[in-house]
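Work through the exercises below with the sequence and the model at hand. Try each task before reading its solution.

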Amino acid sequence: MQVDVVLISYNQEQYIAQAVESILMQRVNDDVQVRVIVADDCSTDNTLEIIKSYEEKSPFLFVYLPAEQNMGVAANYKRAFEATEADYVAVLEGDDWWVDPHRIQKHVDCFQNHDDCVLTKNNYLQYSHQSKTYSVEQSSYEQLTLSQSLRDYVLANMSATVFRGDLVRNMDNRVYEFGHALCGEATDVYTHLSLLQFGSGYVLNDVMSVYRVDTGENISRVDRTDKEILDRAKLRHEQSVALLGDEFKEDSYASYADALQIVKKNEQNRKYQRLSNHLPPFIARWYAYGISVFLYDLKHSIRQCIPNKLYNFVRK
């Protein structure tokens, strides 16, 4: 049984040693062969040299993909996935790291225990590079389906996933094109949705990796404007339907509808906070953060009781 670990890197000399060491500490059963595919996107710093310095002490074979010029994250993922040959493909981005020495084996075991498994995910820690703080990202699901993932995307971080090799090697090219359009570069959303067309995903309850955000070098975003939230949700809905078909239009729209509610709630909160500026401080604090939420939830609950046709007629 074979596992390819795709190491995605670009100008991450500050973090890459921690990432590589977390691969080398992995312990697998004798029947599991691990290979590390290094997909460095023409780093201009010492990232690649640091990776190579670990090769002699590695129990795993290293394979380096050539790159003559920077191609961007989406294209780098595409060539990396297509270069794999193993039964299962794990991903580690160069500024993330794994914290469980048995992580690979636990994912392999999950695949072996579920015939319908096309991808696995583990819970993880999100680490803010700026504030030096951790938060736990934990799924409430154990099994993932395409319909459910369209409505409620679970555990996005690629470094927390392992994919079935044959499926990830043969994904529709639109996975990369749409990912580039959606997030500037990321391919995680459509990679997961593409594979879930063919089976189920499973979430391992253990926290086994760390997702580093706000480093300045990666594409992680922890702050988005309301317009960005809405535009991104709309584009994801449109592209998901184009990739998967009209039968998933309702499931996909549910995620966009959730984004609409988030934006409306943000707007309502800002309105109440502006009004609270004219109140005494001790009342303003209660008003802005208490009554505003109550009034919004009350308004939303009443709206759910009104038939759409009547609601739209009254609005006209």
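**Exercise 1.** Find the salt-bridge partner of D100, and state how far apart the closest N and O atoms are.

Solution. Step 1: recall that a salt bridge is a side-chain nitrogen of Lys or Arg within 4 Å of a carboxyl oxygen of Asp or Glu. Step 2: D100 pairs with K106, and their closest N and O atoms are 2.7 Å apart. The model is predicted, local features need pLDDT of at least 70, side-chain atom pairs count only at pLDDT 80 or more, and totals for chains, interfaces and linings use all residues. Residues are numbered from 1 along each chain as its sequence is written, and side-chain values use heavy atoms, with hydrogens and water left out. Step 3: classify the two residues, where buried means under 20% relative accessible area, exposed over 50%, and partly exposed in between (1.4 Å probe, protein chains only). D100 is buried at 11%, while K106 is partly exposed at 28%.

**Exercise 2.** Which parts does the salt bridge between K106 and D206 tie together?

Solution. Step 1: the side chains of K106 and D206 meet at 2.9 Å, N to O. Step 2: K106 is in helix α4 (residues 103-113) and D206 in strand β10 (residues 200-213), so the pair joins parts 100 residues apart in sequence. Helices (H or I, at least four residues) and strands (E, at least two) are DSSP runs, numbered from the N terminus. Step 3: D206 is partly exposed, with a relative accessible area of 36%.

**Exercise 3.** How far apart in helix α3 are K78 and E82?

Solution. Step 1: K78 and E82 form a salt bridge, with the closest N and O atoms 2.8 Å apart. Step 2: they are four residues apart in helix α3 (residues 73-83), which means a separation of about one helical turn. Step 3: K78 is partly exposed at 24% relative accessibility, and E82 is partly exposed at 41%.

**Exercise 4.** Is T120 buried or exposed?

Solution. Step 1: locate T120 in strand β6 (residues 117-128). Step 2: its relative accessible area is 0%, so T120 is buried. Step 3: the side chain of T120 makes a polar contact with that of H107 at 2.6 Å. A polar contact is a pair of N or O atoms within 3.5 Å; within protein, one must be able to donate a hydrogen and the other to accept it, and residues adjacent in sequence count only if both atoms are side-chain atoms.
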